Amino acid sequence: MNKTKRDISQTSPWDKQEFIPLLLGGDINTYSMARAFYEQYQVKSYIIGKYPTGPSCNSRIIEYHADPGIDSDEQFLSIINTFARAYAHKKILLIGCGDNYVARISRYYHNKNHGQSFTNAMQSQSYQKVMQIQDCYTEASSQPSAALPAQSQIPQNSIPARSQKSPPAPILPSEHSLAPNILTPTTDYELMQHLQNKETFYQLCRDHNLPYPRTLVYRPTMKTDFKLPFPFPVILKPSDGISYWEHPFAGQNKVYQIENRHELETVIWKIYHAGYQGTLIIQDRIPGNDEYMRVLTSYSDRRGKVKMMCLGHVLLEEHTPHGKGNHAVILTEQNEALLKQAKAFLESIHYTGFANFDIKFDQRDQTYRFFEINTRQGRSNYYVTASGLNMAKYPAEEYIYQRELEFEQPQKEHLWLVVPKAVAFRYIKDPANLAKMRSLFRQNQSVNPIFQKGDLKPKRFLAMAKNYFSHFIKFRKYYQCEHTDRRDSN
(Lines give C-alpha, C1' and ligand atoms only; values in the text may rest on other atoms or scores of the structure.)
Protein backbone atom coordinates (compact mmCIF):
# COMPACT_ATOMS: atom_id res chain seq x y z
CA MET A 1 0.00 0.00 0.00
CA ASN A 2 1.28 3.39 -0.95
CA LYS A 3 1.10 5.72 2.07
CA THR A 4 2.19 8.84 0.22
CA LYS A 5 -0.15 11.78 0.70
CA ARG A 6 -1.51 13.51 -2.38
CA ASP A 7 -3.68 16.46 -3.29
CA ILE A 8 -7.12 15.92 -1.78
CA SER A 9 -8.81 17.40 -4.84
CA GLN A 10 -7.64 14.32 -6.77
CA THR A 11 -9.42 11.80 -4.51
CA SER A 12 -10.36 8.59 -6.37
CA PRO A 13 -14.05 7.96 -7.07
CA TRP A 14 -15.86 5.12 -5.28
CA ASP A 15 -15.38 2.57 -8.06
CA LYS A 16 -11.60 2.77 -7.72
CA GLN A 17 -11.59 2.16 -3.97
CA GLU A 18 -10.98 -1.34 -2.67
CA PHE A 19 -13.20 -0.65 0.33
CA ILE A 20 -15.37 2.14 1.69
CA PRO A 21 -15.00 3.46 5.24
CA LEU A 22 -18.52 4.16 6.53
CA LEU A 23 -18.39 6.39 9.62
CA LEU A 24 -21.35 7.37 11.79
CA GLY A 25 -21.46 10.78 13.47
CA GLY A 26 -20.71 14.36 12.56
CA ASP A 27 -18.16 15.75 14.99
CA ILE A 28 -14.37 15.87 15.13
CA ASN A 29 -14.29 12.12 15.82
CA THR A 30 -15.55 11.26 12.33
CA TYR A 31 -13.35 13.81 10.61
CA SER A 32 -10.26 12.58 12.45
CA MET A 33 -10.95 9.00 11.38
CA ALA A 34 -11.67 10.05 7.79
CA ARG A 35 -8.42 12.00 7.69
CA ALA A 36 -6.58 8.93 8.96
CA PHE A 37 -8.15 6.76 6.25
CA TYR A 38 -7.17 9.23 3.57
CA GLU A 39 -3.60 9.58 4.79
CA GLN A 40 -3.08 5.81 5.07
CA TYR A 41 -4.98 4.52 2.03
CA GLN A 42 -5.91 7.58 -0.07
CA VAL A 43 -9.60 6.69 0.13
CA LYS A 44 -12.65 8.82 0.70
CA SER A 45 -14.93 8.05 3.63
CA TYR A 46 -18.71 8.09 3.56
CA ILE A 47 -20.12 9.69 6.70
CA ILE A 48 -23.71 9.69 7.90
CA GLY A 49 -24.55 12.28 10.54
CA LYS A 50 -27.74 13.71 11.93
CA TYR A 51 -27.30 17.26 10.64
CA PRO A 52 -25.42 19.06 7.82
CA THR A 53 -22.92 20.67 10.19
CA GLY A 54 -19.56 19.96 11.77
CA PRO A 55 -16.02 19.44 10.45
CA SER A 56 -16.98 16.48 8.22
CA CYS A 57 -19.56 18.47 6.29
CA ASN A 58 -18.27 20.05 3.02
CA SER A 59 -14.96 18.19 3.22
CA ARG A 60 -13.09 17.09 0.10
CA ILE A 61 -12.05 13.78 1.66
CA ILE A 62 -15.60 12.89 2.72
CA GLU A 63 -18.98 12.18 1.16
CA TYR A 64 -21.26 13.51 3.88
CA HIS A 65 -24.93 12.60 4.16
CA ALA A 66 -27.22 14.13 6.80
CA ASP A 67 -30.10 11.98 8.02
CA PRO A 68 -31.70 12.45 11.47
CA GLY A 69 -33.00 8.89 11.23
CA ILE A 70 -29.53 7.48 11.77
CA ASP A 71 -30.03 8.11 15.49
CA SER A 72 -33.28 6.12 15.73
CA ASP A 73 -33.72 2.39 16.26
CA GLU A 74 -36.47 2.31 13.66
CA GLN A 75 -34.35 3.62 10.78
CA PHE A 76 -30.75 2.82 11.70
CA LEU A 77 -30.48 -0.62 10.14
CA SER A 78 -32.37 0.37 7.00
CA ILE A 79 -30.09 3.36 6.36
CA ILE A 80 -26.90 1.32 6.84
CA ASN A 81 -28.01 -1.66 4.78
CA THR A 82 -29.38 0.51 1.96
CA PHE A 83 -25.90 1.99 1.55
CA ALA A 84 -24.24 -1.43 1.78
CA ARG A 85 -26.55 -2.91 -0.87
CA ALA A 86 -25.80 -0.01 -3.20
CA TYR A 87 -22.12 -1.03 -3.02
CA ALA A 88 -22.61 -4.78 -2.63
CA HIS A 89 -19.43 -5.43 -4.63
CA LYS A 90 -17.35 -3.48 -2.08
CA LYS A 91 -16.26 -4.22 1.46
CA ILE A 92 -17.78 -1.69 3.86
CA LEU A 93 -15.73 -0.92 6.98
CA LEU A 94 -18.30 0.42 9.46
CA ILE A 95 -17.08 2.49 12.42
CA GLY A 96 -19.29 4.21 14.99
CA CYS A 97 -18.12 7.50 16.39
CA GLY A 98 -20.58 7.87 19.26
CA ASP A 99 -21.83 5.65 22.08
CA ASN A 100 -25.31 5.23 20.58
CA TYR A 101 -23.87 4.27 17.19
CA VAL A 102 -21.38 1.69 18.46
CA ALA A 103 -24.09 0.10 20.63
CA ARG A 104 -26.41 -0.36 17.65
CA ILE A 105 -23.60 -1.59 15.43
CA SER A 106 -22.57 -4.17 18.01
CA ARG A 107 -26.14 -5.35 18.50
CA TYR A 108 -26.80 -5.93 14.80
CA TYR A 109 -23.30 -7.09 13.83
CA HIS A 110 -23.02 -9.68 16.56
CA ASN A 111 -26.46 -10.94 15.63
CA LYS A 112 -24.89 -11.81 12.26
CA ASN A 113 -21.86 -13.38 13.96
CA HIS A 114 -23.53 -14.22 17.27
CA GLY A 115 -22.11 -17.66 17.98
CA GLN A 116 -18.35 -17.06 17.98
CA SER A 117 -18.22 -13.53 19.40
CA PHE A 118 -20.68 -14.32 22.16
CA THR A 119 -18.90 -17.56 23.08
CA ASN A 120 -15.51 -15.86 23.25
CA ALA A 121 -16.79 -13.16 25.60
CA MET A 122 -18.58 -15.70 27.78
CA GLN A 123 -15.35 -17.63 28.34
CA SER A 124 -14.02 -14.81 30.50
CA GLN A 125 -14.48 -15.64 34.20
CA SER A 126 -14.46 -11.96 35.08
CA TYR A 127 -17.27 -11.33 32.60
CA GLN A 128 -19.35 -14.11 34.16
CA LYS A 129 -18.74 -12.59 37.58
CA VAL A 130 -19.97 -9.17 36.45
CA MET A 131 -23.10 -10.77 34.99
CA GLN A 132 -23.70 -12.33 38.41
CA ILE A 133 -23.20 -9.22 40.51
CA GLN A 134 -24.11 -6.45 38.07
CA ASP A 135 -26.96 -5.10 40.19
CA CYS A 136 -25.23 -5.25 43.55
CA TYR A 137 -25.38 -1.97 45.45
CA THR A 138 -21.86 -1.02 46.46
CA GLU A 139 -20.07 1.82 48.13
CA ALA A 140 -16.83 1.06 46.40
CA SER A 141 -13.47 1.61 48.03
CA SER A 142 -11.09 3.93 46.22
CA GLN A 143 -8.28 1.42 46.75
CA PRO A 144 -7.87 -1.76 44.70
CA SER A 145 -9.56 -4.57 46.58
CA ALA A 146 -10.48 -8.21 46.38
CA ALA A 147 -13.13 -9.31 43.89
CA LEU A 148 -16.72 -8.55 44.78
CA PRO A 149 -18.52 -11.37 46.63
CA ALA A 150 -20.88 -13.75 44.91
CA GLN A 151 -24.51 -12.66 44.94
CA SER A 152 -25.39 -15.29 47.53
CA GLN A 153 -23.01 -13.59 49.96
CA ILE A 154 -24.65 -10.18 49.63
CA PRO A 155 -27.44 -9.21 52.04
CA GLN A 156 -30.75 -9.45 50.19
CA ASN A 157 -31.82 -5.95 51.14
CA SER A 158 -28.83 -4.57 49.21
CA ILE A 159 -29.85 -6.07 45.87
CA PRO A 160 -32.05 -3.70 43.84
CA ALA A 161 -34.27 -4.51 40.89
CA ARG A 162 -32.46 -5.35 37.66
CA SER A 163 -31.44 -2.32 35.62
CA GLN A 164 -33.80 -1.51 32.77
CA LYS A 165 -30.93 -0.22 30.64
CA SER A 166 -28.78 -3.39 30.55
CA PRO A 167 -30.93 -6.06 28.87
CA PRO A 168 -29.38 -9.19 27.42
CA ALA A 169 -28.54 -8.95 23.73
CA PRO A 170 -31.43 -10.38 21.72
CA ILE A 171 -30.77 -12.88 18.94
CA LEU A 172 -32.65 -11.21 16.12
CA PRO A 173 -33.95 -12.70 12.88
CA SER A 174 -31.46 -12.62 10.00
CA GLU A 175 -33.30 -9.75 8.31
CA HIS A 176 -32.38 -7.66 11.37
CA SER A 177 -28.65 -7.99 10.83
CA LEU A 178 -26.07 -5.88 9.05
CA ALA A 179 -25.49 -6.64 5.38
CA PRO A 180 -22.93 -9.40 4.63
CA ASN A 181 -20.41 -7.02 3.03
CA ILE A 182 -20.18 -4.95 6.25
CA LEU A 183 -17.18 -5.48 8.50
CA THR A 184 -16.67 -3.68 11.80
CA PRO A 185 -14.28 -3.76 14.78
CA THR A 186 -16.69 -3.92 17.69
CA THR A 187 -16.97 -5.82 20.96
CA ASP A 188 -19.75 -8.11 22.18
CA TYR A 189 -23.04 -6.29 22.76
CA GLU A 190 -23.64 -7.47 26.32
CA LEU A 191 -20.08 -6.71 27.36
CA MET A 192 -20.41 -3.27 25.76
CA GLN A 193 -23.57 -2.58 27.76
CA HIS A 194 -21.78 -3.32 31.01
CA LEU A 195 -18.78 -1.19 30.11
CA GLN A 196 -20.85 1.78 28.96
CA ASN A 197 -22.76 1.69 32.23
CA LYS A 198 -20.53 3.30 34.83
CA GLU A 199 -21.95 1.28 37.70
CA THR A 200 -20.98 -2.09 36.23
CA PHE A 201 -17.74 -0.63 34.86
CA TYR A 202 -16.65 0.26 38.40
CA GLN A 203 -17.53 -3.25 39.53
CA LEU A 204 -15.20 -4.54 36.81
CA CYS A 205 -12.51 -2.11 37.97
CA ARG A 206 -12.81 -3.43 41.51
CA ASP A 207 -12.63 -7.01 40.26
CA HIS A 208 -9.45 -6.25 38.28
CA ASN A 209 -7.70 -4.01 40.80
CA LEU A 210 -8.05 -0.85 38.72
CA PRO A 211 -8.16 2.17 41.07
CA TYR A 212 -11.18 4.46 40.72
CA PRO A 213 -12.70 7.27 42.82
CA ARG A 214 -14.63 6.44 45.98
CA THR A 215 -18.15 5.90 44.71
CA LEU A 216 -21.74 5.72 45.90
CA VAL A 217 -24.33 4.39 43.44
CA TYR A 218 -27.56 6.33 43.83
CA ARG A 219 -30.89 4.74 42.92
CA PRO A 220 -34.20 6.63 42.68
CA THR A 221 -35.72 4.36 45.35
CA MET A 222 -33.23 5.83 47.85
CA LYS A 223 -34.84 9.28 47.60
CA THR A 224 -33.09 11.40 50.27
CA ASP A 225 -32.38 8.48 52.59
CA PHE A 226 -28.67 8.04 51.98
CA LYS A 227 -25.40 9.06 53.61
CA LEU A 228 -22.28 10.03 51.69
CA PRO A 229 -19.10 8.22 52.76
CA PHE A 230 -16.96 11.20 51.68
CA PRO A 231 -17.21 14.99 52.16
CA PHE A 232 -18.38 17.74 49.81
CA PRO A 233 -17.69 18.87 47.18
CA VAL A 234 -18.62 15.74 45.23
CA ILE A 235 -19.02 14.75 41.59
CA LEU A 236 -22.41 13.69 40.22
CA LYS A 237 -22.90 12.03 36.81
CA PRO A 238 -25.29 9.55 35.18
CA SER A 239 -24.38 5.90 35.04
CA ASP A 240 -26.08 5.51 31.65
CA GLY A 241 -24.96 8.44 29.51
CA ILE A 242 -26.96 7.40 26.43
CA SER A 243 -30.27 7.37 28.28
CA TYR A 244 -29.36 10.54 30.20
CA TRP A 245 -29.01 12.65 27.05
CA GLU A 246 -32.35 11.33 25.77
CA HIS A 247 -34.05 13.30 28.58
CA PRO A 248 -32.90 16.95 28.28
CA PHE A 249 -33.67 19.69 30.79
CA ALA A 250 -32.57 23.25 31.49
CA GLY A 251 -29.12 23.33 33.05
CA GLN A 252 -28.25 19.78 31.96
CA ASN A 253 -24.51 19.07 32.19
CA LYS A 254 -22.28 16.12 31.39
CA VAL A 255 -20.85 16.21 34.92
CA TYR A 256 -21.79 18.19 38.01
CA GLN A 257 -19.57 19.41 40.80
CA ILE A 258 -21.83 19.62 43.83
CA GLU A 259 -20.93 21.88 46.74
CA ASN A 260 -23.51 20.90 49.37
CA ARG A 261 -26.38 18.55 50.24
CA HIS A 262 -29.14 20.90 49.12
CA GLU A 263 -27.58 21.32 45.68
CA LEU A 264 -27.10 17.56 45.37
CA GLU A 265 -30.75 16.77 46.11
CA THR A 266 -31.92 19.55 43.77
CA VAL A 267 -29.89 18.29 40.80
CA ILE A 268 -30.94 14.68 41.46
CA TRP A 269 -34.59 15.76 41.43
CA LYS A 270 -34.16 17.60 38.11
CA ILE A 271 -32.51 14.59 36.45
CA TYR A 272 -35.26 12.14 37.42
CA HIS A 273 -38.04 14.68 36.83
CA ALA A 274 -36.82 14.93 33.22
CA GLY A 275 -37.46 11.21 32.74
CA TYR A 276 -34.11 9.53 33.36
CA GLN A 277 -34.58 6.20 35.13
CA GLY A 278 -31.06 4.83 35.52
CA THR A 279 -28.69 5.06 38.45
CA LEU A 280 -26.48 8.04 39.27
CA ILE A 281 -22.84 8.02 40.29
CA ILE A 282 -21.79 10.17 43.26
CA GLN A 283 -18.02 10.30 43.71
CA ASP A 284 -15.26 11.74 45.79
CA ARG A 285 -13.83 14.72 43.91
CA ILE A 286 -10.25 14.04 42.87
CA PRO A 287 -8.26 17.29 43.34
CA GLY A 288 -6.33 18.86 40.52
CA ASN A 289 -6.98 20.80 37.32
CA ASP A 290 -7.14 19.57 33.72
CA GLU A 291 -3.40 18.87 33.70
CA TYR A 292 -3.91 15.89 36.02
CA MET A 293 -6.01 14.10 33.39
CA ARG A 294 -4.86 11.32 31.04
CA VAL A 295 -6.52 9.74 28.01
CA LEU A 296 -5.64 6.22 26.87
CA THR A 297 -6.62 4.86 23.46
CA SER A 298 -6.26 1.22 22.48
CA TYR A 299 -7.13 -1.26 19.75
CA SER A 300 -7.74 -4.97 20.38
CA ASP A 301 -7.94 -7.53 17.58
CA ARG A 302 -10.79 -10.00 17.11
CA ARG A 303 -9.03 -12.49 19.40
CA GLY A 304 -9.09 -9.96 22.24
CA LYS A 305 -5.36 -9.17 22.12
CA VAL A 306 -4.34 -5.54 22.53
CA LYS A 307 -2.39 -4.40 19.47
CA MET A 308 -2.07 -0.65 20.00
CA MET A 309 -1.94 1.67 23.03
CA CYS A 310 -1.33 5.40 23.10
CA LEU A 311 -1.37 7.47 26.28
CA GLY A 312 -2.07 11.17 26.16
CA HIS A 313 -1.42 13.73 28.89
CA VAL A 314 -4.37 16.12 28.82
CA LEU A 315 -3.17 19.68 29.35
CA LEU A 316 -6.48 21.46 28.82
CA GLU A 317 -10.16 20.55 28.50
CA GLU A 318 -13.23 22.41 27.33
CA HIS A 319 -15.34 23.97 30.09
CA THR A 320 -18.72 24.65 28.47
CA PRO A 321 -21.73 22.90 30.10
CA HIS A 322 -22.17 20.39 27.23
CA GLY A 323 -18.50 20.17 26.33
CA LYS A 324 -17.09 19.87 29.83
CA GLY A 325 -14.34 17.29 29.82
CA ASN A 326 -13.80 17.31 26.04
CA HIS A 327 -10.09 17.45 25.36
CA ALA A 328 -8.61 20.69 24.04
CA VAL A 329 -4.85 20.04 24.29
CA ILE A 330 -3.10 16.64 24.54
CA LEU A 331 0.58 15.74 24.77
CA THR A 332 1.56 12.10 24.14
CA GLU A 333 3.58 10.50 26.92
CA GLN A 334 4.87 7.14 28.19
CA ASN A 335 3.79 5.27 31.33
CA GLU A 336 4.48 1.55 31.06
CA ALA A 337 2.94 0.64 34.42
CA LEU A 338 -0.36 2.34 33.58
CA LEU A 339 -0.49 0.77 30.11
CA LYS A 340 0.22 -2.65 31.58
CA GLN A 341 -2.75 -2.28 33.96
CA ALA A 342 -5.16 -1.32 31.18
CA LYS A 343 -3.84 -4.00 28.79
CA ALA A 344 -4.36 -6.76 31.36
CA PHE A 345 -7.89 -5.52 32.02
CA LEU A 346 -8.90 -5.45 28.34
CA GLU A 347 -7.47 -8.86 27.56
CA SER A 348 -8.99 -10.50 30.64
CA ILE A 349 -12.53 -9.51 29.56
CA HIS A 350 -11.81 -10.39 25.91
CA TYR A 351 -12.51 -6.87 24.66
CA THR A 352 -12.29 -6.26 20.90
CA GLY A 353 -12.04 -3.06 18.85
CA PHE A 354 -11.22 0.49 19.88
CA ALA A 355 -11.36 1.59 23.53
CA ASN A 356 -10.78 4.92 25.21
CA PHE A 357 -10.16 5.47 28.94
CA ASP A 358 -10.48 8.67 30.95
CA ILE A 359 -8.01 8.60 33.86
CA LYS A 360 -6.93 11.13 36.49
CA PHE A 361 -3.80 11.31 38.63
CA ASP A 362 -4.63 11.56 42.33
CA GLN A 363 -1.81 13.54 43.91
CA ARG A 364 -2.97 12.56 47.41
CA ASP A 365 -1.65 9.00 47.05
CA GLN A 366 0.14 9.12 43.67
CA THR A 367 -2.48 6.84 42.06
CA TYR A 368 -3.99 6.94 38.57
CA ARG A 369 -7.77 6.52 38.92
CA PHE A 370 -9.97 5.26 36.08
CA PHE A 371 -13.11 7.33 35.50
CA GLU A 372 -14.71 5.58 32.54
CA ILE A 373 -14.19 3.61 29.35
CA ASN A 374 -15.63 4.58 25.98
CA THR A 375 -16.25 1.49 23.84
CA ARG A 376 -14.96 3.33 20.77
CA GLN A 377 -12.21 5.70 19.78
CA GLY A 378 -12.48 9.11 21.46
CA ARG A 379 -13.30 12.39 19.73
CA SER A 380 -9.65 13.41 20.16
CA ASN A 381 -8.38 10.25 18.44
CA TYR A 382 -6.18 12.08 15.96
CA TYR A 383 -3.62 12.57 18.75
CA VAL A 384 -2.86 8.88 18.16
CA THR A 385 -2.50 9.23 14.38
CA ALA A 386 -0.33 12.33 14.79
CA SER A 387 2.00 10.40 17.10
CA GLY A 388 2.74 7.91 14.30
CA LEU A 389 0.05 5.27 14.93
CA ASN A 390 -2.54 5.74 12.18
CA MET A 391 -5.96 4.93 13.66
CA ALA A 392 -7.42 3.71 10.36
CA LYS A 393 -4.67 1.16 9.86
CA TYR A 394 -5.71 -1.22 12.64
CA PRO A 395 -9.29 -2.11 11.57
CA ALA A 396 -8.43 -1.93 7.86
CA GLU A 397 -5.40 -4.19 8.08
CA GLU A 398 -7.26 -6.73 10.21
CA TYR A 399 -10.71 -6.78 8.62
CA ILE A 400 -10.09 -5.71 5.01
CA TYR A 401 -6.64 -7.11 4.29
CA GLN A 402 -6.67 -9.99 6.83
CA ARG A 403 -3.18 -9.15 8.07
CA GLU A 404 -1.71 -9.94 11.45
CA LEU A 405 -1.17 -6.90 13.66
CA GLU A 406 1.92 -6.29 15.78
CA PHE A 407 1.69 -4.48 19.12
CA GLU A 408 2.61 -0.78 18.79
CA GLN A 409 3.14 2.23 21.04
CA PRO A 410 4.15 5.77 20.03
CA GLN A 411 7.85 6.48 19.99
CA LYS A 412 7.75 10.28 19.96
CA GLU A 413 6.11 13.20 21.71
CA HIS A 414 3.49 15.08 19.76
CA LEU A 415 1.09 17.91 20.58
CA TRP A 416 -2.61 17.80 19.60
CA LEU A 417 -4.80 20.84 20.10
CA VAL A 418 -8.10 22.27 18.86
CA VAL A 419 -7.84 25.70 20.49
CA PRO A 420 -5.70 28.70 19.48
CA LYS A 421 -2.15 28.76 20.83
CA ALA A 422 -2.97 31.87 22.84
CA VAL A 423 -5.78 30.03 24.66
CA ALA A 424 -3.49 27.09 25.42
CA PHE A 425 -0.70 29.26 26.80
CA ARG A 426 -3.11 31.35 28.87
CA TYR A 427 -5.00 28.54 30.61
CA ILE A 428 -2.36 25.82 30.99
CA LYS A 429 -0.57 26.47 34.28
CA ASP A 430 2.33 24.05 34.82
CA PRO A 431 5.65 25.65 33.67
CA ALA A 432 7.00 22.22 32.63
CA ASN A 433 4.01 21.63 30.36
CA LEU A 434 4.30 25.11 28.88
CA ALA A 435 7.96 24.47 28.13
CA LYS A 436 7.16 21.18 26.37
CA MET A 437 4.54 22.92 24.25
CA ARG A 438 6.97 25.63 23.17
CA SER A 439 9.54 23.01 22.24
CA LEU A 440 7.08 20.97 20.17
CA PHE A 441 5.81 24.07 18.38
CA ARG A 442 9.40 24.96 17.46
CA GLN A 443 9.95 21.41 16.15
CA ASN A 444 6.73 21.56 14.13
CA GLN A 445 5.41 18.58 16.13
CA SER A 446 1.86 19.83 16.67
CA VAL A 447 -1.43 19.45 14.84
CA ASN A 448 -4.99 20.70 14.78
CA PRO A 449 -6.77 17.86 12.93
CA ILE A 450 -9.54 20.08 11.58
CA PHE A 451 -7.35 22.26 9.38
CA GLN A 452 -5.87 19.89 6.80
CA LYS A 453 -3.97 21.36 3.89
CA GLY A 454 -6.06 20.96 0.73
CA ASP A 455 -9.33 20.47 2.60
CA LEU A 456 -10.31 24.07 3.06
CA LYS A 457 -13.40 24.76 0.96
CA PRO A 458 -14.53 28.32 1.78
CA LYS A 459 -17.82 27.27 3.42
CA ARG A 460 -16.16 24.65 5.59
CA PHE A 461 -13.16 26.84 6.40
CA LEU A 462 -15.34 29.74 7.57
CA ALA A 463 -17.43 27.46 9.81
CA MET A 464 -14.34 25.84 11.32
CA ALA A 465 -12.55 29.16 11.80
CA LYS A 466 -15.59 30.59 13.60
CA ASN A 467 -15.67 27.64 15.99
CA TYR A 468 -11.89 27.76 16.45
CA PHE A 469 -11.81 31.41 17.50
CA SER A 470 -14.95 31.04 19.64
CA HIS A 471 -12.75 29.32 22.23
CA PHE A 472 -11.48 32.74 23.31
CA ILE A 473 -15.02 33.65 24.37
CA LYS A 474 -15.90 30.19 25.76
CA PHE A 475 -12.87 29.97 28.02
CA ARG A 476 -13.28 33.54 29.21
CA LYS A 477 -16.91 32.76 30.14
CA TYR A 478 -16.64 29.25 31.57
CA TYR A 479 -13.11 28.65 32.75
CA GLN A 480 -12.69 28.91 36.52
CA CYS A 481 -9.35 29.68 38.11
CA GLU A 482 -7.71 26.39 39.04
CA HIS A 483 -5.53 27.93 41.74
CA THR A 484 -8.47 27.44 44.11
CA ASP A 485 -8.88 23.85 42.83
CA ARG A 486 -12.66 24.21 42.54
CA ARG A 487 -13.28 22.31 39.30
CA ASP A 488 -12.93 18.64 38.53
CA SER A 489 -13.53 16.35 35.59
CA ASN A 490 -14.48 13.05 37.25
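Visitor: Leaving aside its neighbours within four places in sequence, with which residues is Thr 320 in contact?

Guide: This is a predicted model, in which local features need pLDDT of at least 70, side-chain atom pairs count only at pLDDT 80 or more, and totals for chains, interfaces and linings use all residues. Residues are numbered from 1 along each chain as its sequence is written, and side-chain values use heavy atoms, with hydrogens and water left out. Contact means heavy atoms within 4.5 Å. With the neighbours within four places in sequence set aside, the contacts of Thr 320 are Lys 474 and Tyr 478.

Visitor: Is Thr 320 buried or exposed?

Guide: Thr 320 is found in the loop between strand 12 and strand 13; strands (E, at least two residues) and helices (H or I, at least four) are DSSP runs, numbered from the N terminus. A residue is buried under 20% relative accessible area, exposed over 50% and partly exposed in between, with a 1.4 Å probe and protein chains only. Because its relative accessible area is 15%, Thr 320 counts as buried.

Visitor: In which sense do strand 12 and strand 13 pair, and over how many bridges?

Guide: Two strands pair if DSSP finds at least two bridges between them. In strand 13, Glu 333 is the bridge partner of Leu 311. Strand 12 (residues 306-317) and strand 13 (residues 327-333) pair in the antiparallel sense, over six bridges.

Visitor: What is the order of the open sheet of seven strands?

Guide: The pairing in this open sheet is mixed. Its edge strands, each pairing on one side only, are strand 15 (367-374) and strand 17 (446-447). The order of the seven strands is 15-14-11-12-13-16-17.

Visitor: At what angle does helix 1 run to strand 1?

Guide: An open sheet of five strands, with parallel pairing, has the order 3-2-1-4-6. Helix 1 (residues 28-41) lies across strand 1 (19-24), strand 2 (45-49), strand 3 and strand 4. Axes are lines fitted to C-alpha atoms, for helices over the stretch in contact, and angles run from 0 to 180 degrees between N-to-C directions. For helix 1 and strand 1 the angle is about 165°.

Visitor: Which residue in strand 6 is the bridge partner of Leu 93?

Guide: Strand 4 (residues 91-96) pairs with strand 6 in the parallel sense, over two bridges. The bridge partner of Leu 93 in strand 6 is Leu 183.

Visitor: Which residue in strand 10 stands opposite Tyr 218?

Guide: Strand 7 (residues 215-218) is covered on both faces, with Thr 215 and Val 217 buried on one side and Leu 216 and Tyr 218 buried on the other. Strand 7 and strand 10 (residues 280-284) pair in the antiparallel sense over four bridges. Opposite Tyr 218 stands Leu 280.

Visitor: What kind of aromatic pair do Tyr 244 and Trp 245 form?

Guide: Rings of Phe, Tyr and Trp (its six-membered ring) pair if their centres lie within 6.5 Å; planes under 30 degrees apart count as stacked, over 60 as edge-to-face and the rest as tilted. Tyr 244 is buried at 1% relative accessibility, whereas Trp 245 is partly exposed at 35%. With 5.1 Å centre to centre and 70° between the planes, their pair is edge-to-face.

Visitor: Over the face of which residue does Arg 302 lie?

Guide: A charge sits over a ring if NZ of Lys or CZ of Arg is within 6 Å of the ring centre and within 35 degrees of the ring normal. Lys 237 lies over the face of Phe 371, at 5.2 Å from the ring centre. Arg 302, at 4.3 Å from the ring centre, lies over the face of Tyr 399.
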